[in-house]
Amino acid sequence: MQTVYLDNNATTAVAPEVREAILPFLGELYGNPSSMHSFGGQVGNTVETARERMAALLGASPEEILFTSCGSESDNTAIWSALQTRPEKRHIITTRVEHPAILSVAQYWERQGYRLTLLSVDGKGRLDMDEYAAALSDDTALVSIMFANNEVGNIYPIQRMAEMARERGILFHTDAVQAVGKCPIDLGKLPVDMLSLSGHKLHAPKGIGVLYIRRGMRFRPLLRGGHQEGGRRAGTENVPYIAGLGVAAELAQQHMEEERQHVSRLRDRLEQGLLASIPHSMVNGDIENRLPNTTNIAFKNVEGEAILLMLDRLGICASSGSACTSGSLEPSHVLRAMGVPFTYAHGSVRLSLSRYTTESEVDYVLANFPKVIETLRAISPFKD
Ligand code: PLP
């Protein structure tokens, strides 16, 4: 049975070019980049080349790139540093639709006595700019808004939101884990102070991330100890994965436009095909403004988990908009924040494509998906 992998917002395949770049550092090139000798030094050069490649993808300077262990660490570090460097400010702004790497950390700080504003979204997952403007205050230590949503793919107006924060002298962080490699980002023009990304969403391995920190910004490390990364993060660098991430960044930069066209064409064909062949289905999110590789489709009166299990038997990998919390299948916090009706939210499925998705894979899904919904609806306890 073939595997059709349509869960690229969860993680991506490591690109062969990235794997090639990693292997020497798991073999003969095992030096420590901090060593004084040239055996370590050659490894140090690789780290710096990767930093330059990542900086080039983002329109940043190499010294603004801090390597971390993952997107979650970058998000935690950004919040930590903002609060530590502005201790007199006691207010945080973020949104109801963030990834838990931001949302649960912001809620942690709320329990420590910070005031937290969670911006709401409308039925399409869009933010209200008036609500945002009203929330900004002299007491705000940090605004953190995701660049693109992992579940529905919505892209948020980061340019405008960051400008508004800057006008008030407020630090602005964006969780761009889902956007880097999929959307052009030029930090020369985008006035954000910090940006987080994760290697495994752009065809590098799991366990490597980046925090961009704008030059001149005050910063406090989360991990203390050695002087690696210019004293901004202790811990011997993950040289193999940093080397791989550098190559992944270069590939993303070289092929961004053609990949965007490739995935959006296939995504649109898939989405339109499913909507046309399956009654009572609709797209969740803002179709005018979303990631080119993502669709999140709600099927009325079916359970998302059941759809996923049946798709799995057909070799199709997808994600649902539900999270199994304490035994009950609750729709995800994102769909709940959007107010998607329960009968639809419950049966929502995210399909996310990559550069490796093919036309024939889309054909296979279009040929098999409608039967899955038909079968499940026939046995569904939910009826109109
Ligand atoms: N932020 C967003 C928007 C994500 O989608 C993810 C991963 O799914 C993360 C943060 C966390 O990244 P990592 O898995 O590298 O910790």
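## The largest pocket

The largest pocket in this predicted model has a volume of about 290 Å³. Its lining is made up of 21 residues, and those closest to the centre of the pocket are H99, N150, V177, Q178 and K201.

Two helices, α3 (71-85) and α4 (100-111), each supply at least two residues of the lining of the largest pocket, and the largest share, three residues, comes from α3. In terms of domains, at least three residues of the lining are drawn from each of domain 1 (4-11 + 256-379) and domain 2 (16-252).

## Around the ligand

The ligand is surrounded by 13 residues, of which the closest are S72, D175, Q178, S198 and K201. Q178 and K201 are also listed among the residues closest to the centre of the largest pocket.

Several distances describe how oxygen atoms of the ligand are placed relative to the protein. For K201, an N or O atom in the side chain is 2.5 Å from an oxygen atom of the ligand, while for H99 the corresponding distance, again from a side-chain N or O atom to an oxygen atom of the ligand, is 3.5 Å.

## The cavity between the domains

The structure holds one cavity of 30 Å³ or more, and the volume of the largest cavity is about 200 Å³. There are 17 residues in the lining of this largest cavity, with G181, K182, H203, E259 and S354 the closest to its centre. The lining divides by class into six nonpolar, six polar and five charged residues.

Because domain 1 (4-11 + 256-379) and domain 2 (16-252) both give residues to the lining of the largest cavity, the cavity lies between them.

## V283 and its contacts

V283 belongs to strand β9, which covers residues 281-283. When its neighbours within four places in sequence are left aside, V283 is in contact with E271, L275, R290, T295, N296 and I297.

A further reference point is R313, which is 30 residues from V283 in sequence, with 24 Å between the C-alpha atoms of the two residues.

Methods: Residues are numbered from 1 along each chain as its sequence is written. This is a predicted model: local features need pLDDT of at least 70, side-chain atom pairs count only at pLDDT 80 or more; totals for chains, interfaces and linings use all residues. Side-chain values use heavy atoms; hydrogens and water are left out. On a 1 Å grid over the protein atoms alone, a cavity is a set of points where a 1.4 Å probe fits but cannot get out, and a pocket is an open set with protein on both sides within 12 Å along at least five of seven lines; lining residues have an atom within 4 Å of a point. Grid points are joined across faces, edges and corners, and a volume is the space filled by probe spheres set on the points. Helices (H or I, at least four residues) and strands (E, at least two) are DSSP runs, numbered from the N terminus. Domain bounds come from an automatic or database domain assignment. Contact means heavy atoms within 4.5 Å. A residue is near a molecule or strand if one of its heavy atoms lies within 4 Å of it. A polar contact is a pair of N or O atoms within 3.5 Å; within protein, one must be able to donate a hydrogen and the other to accept it, and residues adjacent in sequence count only if both atoms are side-chain atoms. Ala, Val, Leu, Ile, Met, Phe, Trp, Tyr, Cys and Pro count as nonpolar, Asp, Glu, Lys and Arg as charged, and the others, Gly among them, as polar.
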